[in-house]
Amino acid sequence: MSTHSLTQPIVHMQGVVKRFPGGVLACDQVDLELYPGEILALLGENGAGKTTLMNLLYGLYQRDAGHIYLRGQPVNFRSANDAIAHGLGMVHQHFMLVPTFTVAENMVLGQPSPRGPLLENRRTVAQRIRQLSEQYGLKVDPEAEVWQLSVGQQQRVEILKALYRGAEILILDEPTAVLTPQEVDELLIILRGLADDGRSIIFISHKLQEVTSLCDRVAVLRDGRLVGTVQTAETDRHQLSRMMVGREVLLRMTKQPSAPGKVQLAVRDLHVQDNRGLPVLRGVSFEVRAGEIVGLAGVEGNGQRELEDALGGLRNVEQGQIILAGQDVTNRSPRDIFTAGLGHVPSDRYETALLADFSVADNLVLETIDQPPYTRSGLLNRTAIADNAKQLVKAFDIRPAAIDAEVGNLSGGNAQKVVLARALSHQPKLLLVAQPTRGVDIGAIEYVHQELIRYRDEGMAILLISTELDEILNLSDRILVLYEGEIMGESTADTADVETLGLMMAGTRVD
Amino acid sequence: MDEITSSPNELITTTSPSHRFRPPRLVRLIGAPILGGIVGLLLGAVLIMLAGADPLAAYQTMLAGAFGGPRQLTETTLKVGPLLLMGLGLTIAFRCKVWNIGGEGQYFMGALAGAGIGLLLQDSLPAVVLIPLMLLAGVLGGALWAGIAAFLKLRFGLNEIITTLMLNYIAEFTLLYLAREPLKDPDSFLPQSAQLVGAARMPTLFDSRIHIGVLLALLLVPAVYVLLWQTPLGFRLRAIGSSQSVSRYAGMNVALGLSLALLLSGAFAGLAGVIEVSALHTRLKDGISGNYGFTGILVALLGRLHPVGVVFAAIFFAALSIGAQTMHSVYGLPIALAQVIQGLVVLFVLAADALARRIWR
């Protein structure tokens, strides 16, 4: 909109630089303008510097160079409280709410009270919350305790909190990552309403579709630098993805129809409890055949993690059966299950799969260290360990190609390649991949996806657990949806539509 | 810090994208701790001055007391033995992140078991049979005592820090009771056991007081290195120390690994116990441990959980302790002052190390 040149930007960041210890340049001479009443998308891959840039604006980090102007005045926020006092509000990826407090209590937390040492009057607070939630369609009960609310509702509380504190400028960091498609639609409507009311919004995302449907302008960051700012109306998803990655990306994988063979994994009536001893999987049954990718979709926290653990032998099965390559592996040790033919790429790389302070070479032989050729006559064979590493580093293009590098120093994408390379090097019967591209840059995502399809074509059975619906749709031959520990329904690659999947993800059973 | 970081910057940038100066590995490994040690000694000098002595002369006396002649060297070497054994055992445990602070108790139990066998059989067996038997008894005594803590950890999930610490007192007072009552030397008024003699005494080397226990400790240095870095067992112990959840995922038996690490460190402590009682004290009595269970923790940490580092740390602590005794007898400075200096040096060395790691990550 050319009118912007006439109005003054409400936020103007000029030549902002942020360097982290160790020399990482997270933001390099970034210029950004936000105009009143607009929704500006901040688009970029993981690690492009989006969140860092916003933390600089919000006073959580201090910049090394550059200027920030708010309504034309130079500002220098020393803390988030400083920023809040100037009318900024940020909704973080991880919510900053006290779960045992009510919505109203969370609103006044850390805020000065007009009644001195006493907290503000409950009814007044509740009244203001109701008024705000009515005005913007953010329906929440002020007296509800936060832990009782769904993730989507908690996010509304975060937005309300910002509004309650008088935010005119809202920053939302990847707000849709934890939502069902329907919740996403609701959120986008709410944000549009807020913008129409004159508030200015910065919307951080790496999802092209949301960005193009919601935002007025898009600022694209890559490797800490601003690639460019474009009007949404004058661009398309292909141009944006090119700007984001620096080259054209396959938005849709091309793959042959699957040729399913024999059943490699059969899960029957599986019951599993979570860490608190509450039932979290309640009678899950499904099969995965050789030569197919079965995608398990669902919003985070509906039993995916526990299913993954149970299949890997890391969590006790209360009831039911897991048959892997014809062998009953229910409640067997991880070692037995590995021997039976499971390749496990866990959702939490550093918690579960990698020893951060061990070398790439050592990590690549974690399961087989005591077997020949890695151990001979009781002693480790360093040459064999190194040879294995050299071969896998080359085959999977792990960078840097230094087999002695500590895994903790690798980027997310390369660390994931190490896990994937290790799992595949054992030629598993079933490959269990959970959130394979979480925290992985877009180039590596493409690589991981291509590898998965290649191995499927070679006849491997693959179970893909992912909360990224795009990923599920891209890769899966069959799609199952998990909701509160039960399978809501199944659809095939060609019949799947986002609408139906979204309904299932929100708990509607579709047969 | 700015001085260090800015000047060599231009030289570095061509080879590394990092704009920070990062000194070579060896400097990072040794430089910072040495610097820390010097600061600790300087602070110690202030204390010596306050106590009314000349710090330079005092430190000279200390050095001479530890290394000044054959007699001093012998004393220091004898002290290195048990410190080295303790440090090596705890290196294994700490690498696996098992916090065994019960070295003291395991040492007592090793001494008790070894001396018990010695007292029982010293009249009937030759040294060549009896000494290995006693050493084995010491190893088993220490390992079993650590095994109690291992059992409590695995069966009931009790924290080994607490159980091993508590077991120290039980071990110590059990030994003292036995030395006073059932095992008491009938020919003595003192609360001590009968004396180990002849075949039950550690054989010495080359007409000196240096005994084969010290030699054994030195031989175990490469053994621990091989165990930790050249065998699949050591790999697993270190893997468990790095992350239990990852080790479990990779099919390792984490409970077994934790127990083994605890048992092995107990075995080393027990070995130290039997060697010291056989070579030095010759009786079960009060004060047969020079706090080795706790000093051993410092030796392991200062040696950065590496067998070679542990050798140097053991020498350092041995010299400090022997030197302090000389300083005490020559200048009349209290032994406690030497212990304070010892504490200062350790504190600053470890702090400098941690700081260096943060800065030059």
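User: Which residue is the bridge partner of A:Met13 in β2(A)?

Analyst: In this predicted model, A:Met13 has A:Leu32 as its bridge partner in β2(A). A:Met13 also has a bridge partner in β4(A), namely A:Ile68.

User: What makes β1 and β2 of chain A a pair of strands?

Analyst: Two strands count as paired if there are at least two bridges between them. Strand β1 (residues 11-19) and strand β2 (residues 25-34) of chain A are joined over six bridges, in the antiparallel sense. They therefore meet the condition. β1(A) is also paired with strand β4 (residues 65-70) of chain A, over five bridges and again antiparallel.

User: How do you know that β11 and β14 of chain A pair?

Analyst: The cut-off is at least two bridges, and strand β11 (residues 263-273) and strand β14 (residues 317-324) of chain A have six, so the two count as paired. The strands run antiparallel. One of the bridges links A:His271 to A:Gln319 in β14(A).

User: Why do β12 and β15 of chain A stand at the edges of their sheet?

Analyst: The four strands form an open sheet in the order β12-β11-β14-β15 (chain A), with antiparallel pairing. β12 (279-289) and β15 (327-328) each have a single partner strand, so one side of each has no neighbour in the sheet. Helix α9 (residues 304-312) of chain A lies across β11, β12 and β14, at about 60° to β12(A).

User: Why is α5 of chain B called roughly parallel to α9 of chain B?

Analyst: The axes of helix α5 (residues 70-95) and helix α9 (residues 212-230) of chain B cross at roughly 20° and come within 8 Å. Angles under 35 degrees count as roughly parallel, so that is the term for α5(B) and α9(B). The crossing of the two is left-handed.

User: Which residues make the contact of α5(B) with α9(B)?

Analyst: From α5(B) they include B:Leu84, B:Leu88 and B:Arg95, and from α9(B) they include B:Gly213, B:Val221 and B:Leu228. By class, the residues of this contact are twelve nonpolar, four polar and one charged.

User: What residues meet where α6(B) and α12(B) touch?

Analyst: Among them are B:Gly103, B:Gly110, B:Gly114 and B:Gly118 in α6(B), and B:Gly266, B:Gly270 and B:Gly273 in α12(B). The residues of this contact divide into ten nonpolar, nine polar and one charged.

User: Which classes of residue make the contact of α13(B) with α15(B)?

Analyst: Helix α13 (residues 292-302) and helix α15 (residues 335-359) of chain B pack at about 35°, with their axes 11 Å apart. Their crossing is left-handed. α13(B) gives B:Leu298, B:Leu301 and B:Leu302, and α15(B) gives B:Val346, B:Val349 and B:Leu350. Leu and Val count as nonpolar, so this contact has six nonpolar, no polar and no charged residues.

User: Why is chain B said to be as compact as a globular protein of its length?

Analyst: The globule rule gives 21 Å for 361 residues, and the radius of gyration of chain B is 22 Å, which is close to that, so the description applies. The C-alpha atoms of chain B fill a box of roughly 75 × 60 × 35 Å along the principal axes. Chain B has 15 helices and zero strands.

User: What are the values of omega and phi at A:Pro373 and A:Ser377?

Analyst: Most residues other than glycine have a negative phi, and most peptide bonds are trans. The bond joining A:Pro372 and A:Pro373 is cis, with omega about 5°. A:Pro373 is in the loop between α12 (360-363) and β17 (375-376) of chain A. A:Ser377, in the loop between β17 and β18 (379-380) of chain A, has a positive phi near 40°.

Technical notes
Residues are numbered from 1 along each chain as its sequence is written. Chains are lettered from A and ligands numbered from 1 in the order in which they are written. This is a predicted model: local features need pLDDT of at least 70, side-chain atom pairs count only at pLDDT 80 or more; totals for chains, interfaces and linings use all residues. Axes are lines fitted to C-alpha atoms, for helices over the stretch in contact, and angles run from 0 to 180 degrees between N-to-C directions. Angles under 35 degrees count as roughly parallel, over 145 as roughly antiparallel, 65 to 115 as roughly perpendicular and the rest as oblique. A crossing is left-handed if the near helix is turned anticlockwise from the far one by less than a right angle, and right-handed if clockwise. Two residues are in contact if their C-beta atoms, placed from the backbone, lie within 7 Å. The radius of gyration is taken over C-alpha atoms; the globule rule is 2.2 Å times the number of residues to the power 0.38.
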